[in-house]
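Dear colleague,

Please find below the structure that I am handing over to you. My notes on what was found in it follow directly after.

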Amino acid sequence: MFPFNYEWAWDMSHIVFMGGLWYALGIIGAGVTYVVAKSAWDTMKGHGGHEEGHH
Amino acid sequence: MKLDRRTFLSIGAGAAAGGAVGSLFTPLPWKLTDDLSIWSQNWPWTPDPARGEVTFAPTTCELCPGGCGVSVRKVKDRCVKIEGADGNPVNDGGICPLGSSGLQILYGPTRIKTPLKRAGKRGEGKWKPVTWDEALGEVAAKLSDLRQKKLAHTAAVYVNGGEGTVNNLFLRLATVYGTPNVFVSRTAWDTYADALLHMQGEYAKPAFDLENSDYILSFGCGIIEGWGSPVRMIRVNAQVAEAGSGKTVVQIEPRLSNTAAKAGKWVAIKPGTEAALALGLCHVIIREGLFNDEFVSTFSQNFEDWVDEVHTEHRGFKRAVLEDFPPSAVEKITGVPRAQVAKLAREFAAAKAPVALFGTGKGEEAGTLYGAMAVHALNALMGRINQAGGVFMLPPDADFNWPAPAMDALAQRSLRENRIDGAGTDRFPLASELPSRLGEVLADPKKPYPLHALLVYAADPAFTLPETEKVLAGLSQIDFVVYCGSQMNDTAAMADLVLPDHTCYEKWQDVPTPPGFARRHIGLTRPVVKPLFSTMQAGETAIRIAKAMGGPVAESFPWSDYIQCLEESMGARLADMKENGFWEAEPDKGPWYTAFKTRTRKFDFAPRIISPAFPDTKILLPTYEALTPAGSESGFPLTLIPYENLRLAAQNVGDTPFLVKTLPDSSLMNQESVVEINPATGKAFGLREGGAAILSTPAGETRVRVHFYPGVAKNTVALPKGLGHIGYDDYLAGKGTNVNALVGLLPDPVTGHNAALIARARIVPA
Amino acid sequence: MEIAAKSAMDKINALFDSLTPKKLLELDAMLQPKGVKRAPFWQWGLWMGFFTLVALWGFYAAILCWFKGLNQTNMNDYYGFALWIWADLAVIALGGGAFFTGFLKYVIGKEMPLKYIVNYAVIIGFICYSSALLILGMDVGQPLRGWFIFWHANVHSMLTEVAFCLSCYFGVLCIEYLPNVLENRQLDKIPFIHNLTHNFHSAMGIFAATGAFLSFFHQGSLGGVAGVMFGRPFAFREGVFIWPTTFFLFTWSAAAFGPCFTIMLTKLIEAITRKKLVPDTAVRFLAKISGWMIGTYIVAKIADTLYWAFVTAPAAGWHLSDFYTGNAFYGYWILALEIVAGGIIPAGILISKKGRETGWSLTLAVILGVIGVSVNRWVMVLQVMAVPIMEFDQWALYVPSWQEVATTILPVAYGVLLISASHRYLPLFPYEIEQANAAEHHG
Amino acid sequence: MEAAESHEKQKMYGMVIDLDKCTGCGACMVACMAENNVPFRKDETDKFKSITWMRVYLLSNKKDYPYSDICYLPRPCMHCSGRGGHGHSPCVSVCPAVATDYSHATGIVSQIYTRCFGCRYCMGACPYHARYFNWWDPKWPEGMKEYLSPDVSCRMRGVVEKCSFCFHRYQRAMDLAFTEQRTELEENEYQTSCTQACPANAIVFGDLNNEEHQVAQLVSEPPEGKKKFRLLEQLDTNPKVYYLTSKDWVLSAANRSVKEEAKKAESGH
């Protein structure tokens, strides 16, 4: 899973497969971080509150 | 800020969630995960065998009579593996499944670890450990007591064989003690030895030079199923499979056994009719003049008709077989097509070095004397005696030049008592002992006298004798049953007192020549490990019992201990035995004019017995006498035969856990024996593959599973032999059915020994 | 800080002091979405109680398997894969409605009318995938080392691909489900959570796209698991690059039949709650898509089966009859059940406008579809194990132990519980809320 | 796993089993169990759950008495090298955690018990049923643990195990060779437990790449009158266990592809 695992080899299969994996994880991770951060920011800006319904 | 419940709740929830997520950024959960997996890789309840220096120690396997040399691999002082000893003339590095699982006996729960005294009901399995002094003292006291009461003859001794020092120490004990009731497990080899005694005037064991034979004609012998020395026989059989070897095996057997399957030719025959076929072959060979003329005309007698001193005409062997056993008649008896009878005879006669073998299955049943004589006559006709690839004579391994036993009056008198089994009496004049009748005799209310004591060494009569129920009932009638051996087998389980022996990995002992082996070969067991438990070399036990009894009995055992006895008995041979693990000697290969010890120094085709037992002279002219098992054809339409193979140990040692594991589900299913039945017959009786059924014979009834096997004839059921133990441990006890419990005694009309394990049977779906 | 903590303590005490049945009912009402009708608490409680018991039974069986080992099952050396793996493949295929709906809504951009059903599709997916992971956790002989599949990954193994994509996509499902949870009336009042929900919604496209990408792969690799077993002529399929045809067939069938399951459960919950929760437009739209997907899938499936039966298998010396005769259970009927009853017929119904707009035929179609894909997964797991390969080998049949059955029912109970709770406390069905609010405005 | 390094003078251990010689005695099975600390249970009659690295199968010519015939076929792990001999055996290629691997140095398929987490995918993939799962914790009766060999670690519940061609014997032999500054092994230095035990010498073991070795010779030219075959060759598993038989019915009873050809031949006539 990591280059320091002994199974790891710098071959096509690893690069493609693990590449895809880390890419997906990256997107999800980044996405979540962004959402949480932005929400925190919005809250501090006093957005949100008790209004009903969504935008 | 105002902290109302809602906000509080949300903060709480937030904190919880945050904490959960946050902890992922600490090493804690990760370390825990790792530790857990490491724990799962080192579960304390999964053994981790200790390392240590690896050494190999030689000994001789004693788990069957095969006498294989083995090499035990040790780690420090633990035995971890048993392998065949390279270069040993018997098995040269090979080993059988029983032999290689020997450590499960050495270390296993079936070992008897200390002298035991019965604490519960007989056979209940409740024991009280006692010291050796107590145990030996009790045996000596009980036996001396009987002797004082002039009841020495009511104490019997049962051993597994007549050869080797330890067996003979027990036999000697019986003699000087003064009981005629000695029993020696009876095998086909003994019957063949009787045939040799009558036909060649010398009680000798047959030695078959199979390695150099090119045509092996086996009358039902389980050549690769444990007949003789298993590994040696498998090697002989493998020669046949060697590309371009001119060698062949012809198997005459009712069932497609492994041997039959591997043989060059399988001759399917009706159970128990082998003798007829042998004589049929003789017929063809004589009629077509294919026999060895030199041997027959010069070195044999009673081949032609003859006249005795009172001018009575007697049929010679020639006329007898020509008249009584034409292929047509043989076909009727055996079911072997006449053409095939003739063909077989011609092949046998045409072969360079043919030899005919006797003894069905593993040879554990005595068989008939005429059967053995017929087969030997076949060998004789072709002059196969003392010829390369033929049959030789070996004296029994009992030449120890021990001092003559000191016999006091008591012993001499009681020795003259009739044996309880009637052997040697007018009823069974040709038998020296009839162990197979033990069950019947003990169960007989009109028996001449009851047995008060029974001393068993290594044998397992409770399991191996026919009519198991009677045997067990009989054993429980005996006041004092002593078992001497290393494993808690069925007889041990029925005993009052158990005197544990070392295993062959813990003791010094001689191992007699393997049955049928081509040369005299005495093996040596050696302590590979120090005795693990409070056990005693059985020979030592015998000596100590004798000494404890004092008087003439003790005097007949002059040795300080067994080791001294062994050394003196083996004499010069011991050096070889210690160096190579065995001592060997070629059999007497002398020419025909020196070969025979009969009065006329000739081979006798129709020996006559001169004995008070026979008012008019008895002539043993080999013939076929039909064996008729009990039961009506209508009530019991099927024939039950046992089948044997190397995965089924059926003698005094039972299957180890490994061996039981190798049993296919066509032999054992859960706790039930599986019977083989021809598919057509099976369907006719409403059975289905794998289904449960009730198998009954006049002797008993048992629940079995069904396996459709086209290798058995129609209207025949085959039951694995070696299951149905009451002794041993949970890995063997109670699994399957003991064939002996289902077959009645089927005596040889001539000798009275059990001729075969055949019974009439009935089977219905359960 | 101390003050906060102290008052927190007081509040906790206060809460527990005041937690009377009456307060409990208040709390229950407070948590429900505004304006909607919900079953009385006791009724709902009974319902939940029953399924909790079922779940506990399953959990007990799971404990047995974990502590006593897999000897608790009727699996054996011939059936290394059995009921559990089938259940895994089945629920994941059925849960495929989630990714496919998400894919359509966020990636293809079919905002209308799918927004009415996407929440439900997501929660079903969430249940299916969490169940799958739970079952996998029981199925492996050494659960404590399960993570080796990630740490010591063998990238050539289809199972590795499954594990990675499965767990990643489960993460995505959590993200997709989370906003719906946070939309709970009370939680939504917390500003941060409100914003979080909002932002999640706006970013959902990215997640859905990633999820779809992952799903294509793990659905496929689940098919690959069977397809690459070149030692098993019944399962083995040729393919393109490293992927056997089963790879694509599995993805396709999940996308095709997943919506069937979503629709089926929608109909079910509507029947139970006796309410219209999803507008027909949404259901019919999904049904139509599903119909065409099944139609195209089944053509491909038939083509694949024919090629396998007449080219691939014979090349290895097998005849079709070797796979479907000579045993007590597996016959040609199973082929018919999967392809005709479970494929052609539902496809036909769903493609025809009349078929999907008639209540009973729609229901029939989605049920048949669900059966069809389940049978396919069964065949690709259990029949693979049953077929003898060595000439002298035998057919191996298997009946699951009660422990296996119980642990397989566990996810169903758990699903019912989660859906019931979500439906009670979350705005799971926007349509229902809209209706309710509309009614309010009228009143 | 990749066959990066060249195959020059790499060993490829394999077996040749002469079915004409095999008597079905079971010595190989027991010798294997004894050598490899294989556990056993009180009831081993459910053969679907009975661990036997070496299993002896029974073949039948399916004819009725007295024309019926049987033949035994011992089946160890075939140590497949897969299509093109690249080491992609059915099991190795599917193991998700690299708990089983193909050694290009010896051609032996290994199994790492502490790595295996028991997913059993390899068992599904192996057409020979050579792989066994530890459904129970291994247990030995009182005292019997004494005979367990330290050369082979005992397997815990929940992992897969199989025949290793007694790899520990290879390691011991190599260690010895190393101390004697040798890099090559004599043919007899490394033999499996079953080979050593077989009373019929029906099993021959050695390096298929070394024409000095008997296995290589038997494979390149089978003894007169005997045909050689491997199980399920047509599946491209590329097994390293060869069988010899002189009986045609055994060929077709053991081998489908042969059977197919036979069918074609028949229909041809």
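Which residues have the most contacts inside the largest nonpolar core? They are B:L217, B:F219, B:L277, B:F317, B:L381, D:L59 and D:L231, in a core of 364 residues. A nonpolar core here is a set of buried Ala, Val, Leu, Ile, Met, Phe, Trp, Tyr and Cys residues joined through side-chain atoms within 4.5 Å. Buried means under 20% relative accessible area, exposed over 50%, and partly exposed in between (1.4 Å probe, protein chains only).

Before going further, please note that this is a predicted model, in which local features need pLDDT of at least 70 and side-chain atom pairs count only at pLDDT 80 or more, while totals for chains, interfaces and linings use all residues. Residues are numbered from 1 along each chain as its sequence is written, chains are lettered from A and ligands numbered from 1 in the order in which they are written, and side-chain values use heavy atoms, leaving out hydrogens and water.

Apart from neighbours within four places in sequence, B:L217 is in contact (heavy atoms within 4.5 Å) with several residues, including B:V250, B:I252, B:L344 and B:F348. A second, separate core has 51 residues, among them B:A140, B:Y457, B:W559 and B:L566.

Chains B and D

Five pairs of chains touch, and chains B and D have the most contacts among them. By contrast, no contact joins chain A and chain B, whose closest C-alpha atoms lie 12 Å apart.

Between chains D and B, 70 residues of chain D are in contact with 69 residues of chain B. The two chains bury about 5,700 Å² between them, 59% of it on carbon and sulfur atoms; buried area is the accessible area (1.4 Å probe) that two parts lose on being put together, summed over both. D:K42, D:Y65 and D:P150 supply 13% of the area that chain D buries against chain B, more than any other three residues.

Seven salt bridges are counted between chain D and chain B, a salt bridge being a side-chain nitrogen of Lys or Arg within 4 Å of a carboxyl oxygen of Asp or Glu. The side chains of B:E242 and D:K21 meet in a salt bridge, at 3.1 Å from N to O.

Salt bridges within chains

Over all chains, the structure holds 77 salt bridges. In one of them, the side chains of B:K205 and B:D397 meet at 3.6 Å, N to O. B:K205 lies in strand β8 (residues 205-208) of chain B and B:D397 in the loop between β16 (391-394) and α16 (409-415), so the pair ties together parts that are 192 residues apart in sequence. B:K205 is buried, with a relative accessible area of 14%, and B:D397 is buried as well, at 2%.

B:K343 forms a salt bridge with B:E347, their closest N and O atoms being 2.8 Å apart. These residues are four apart in helix α14 (residues 338-350) of chain B, and are therefore separated by about one helical turn. B:K343 is partly exposed, at 43% relative accessibility, and B:E347 is partly exposed at 24%.

With kind regards

Note on methods:
Helix = DSSP H or I, 4+ residues; strand = E, 2+ residues; numbered from the N terminus.
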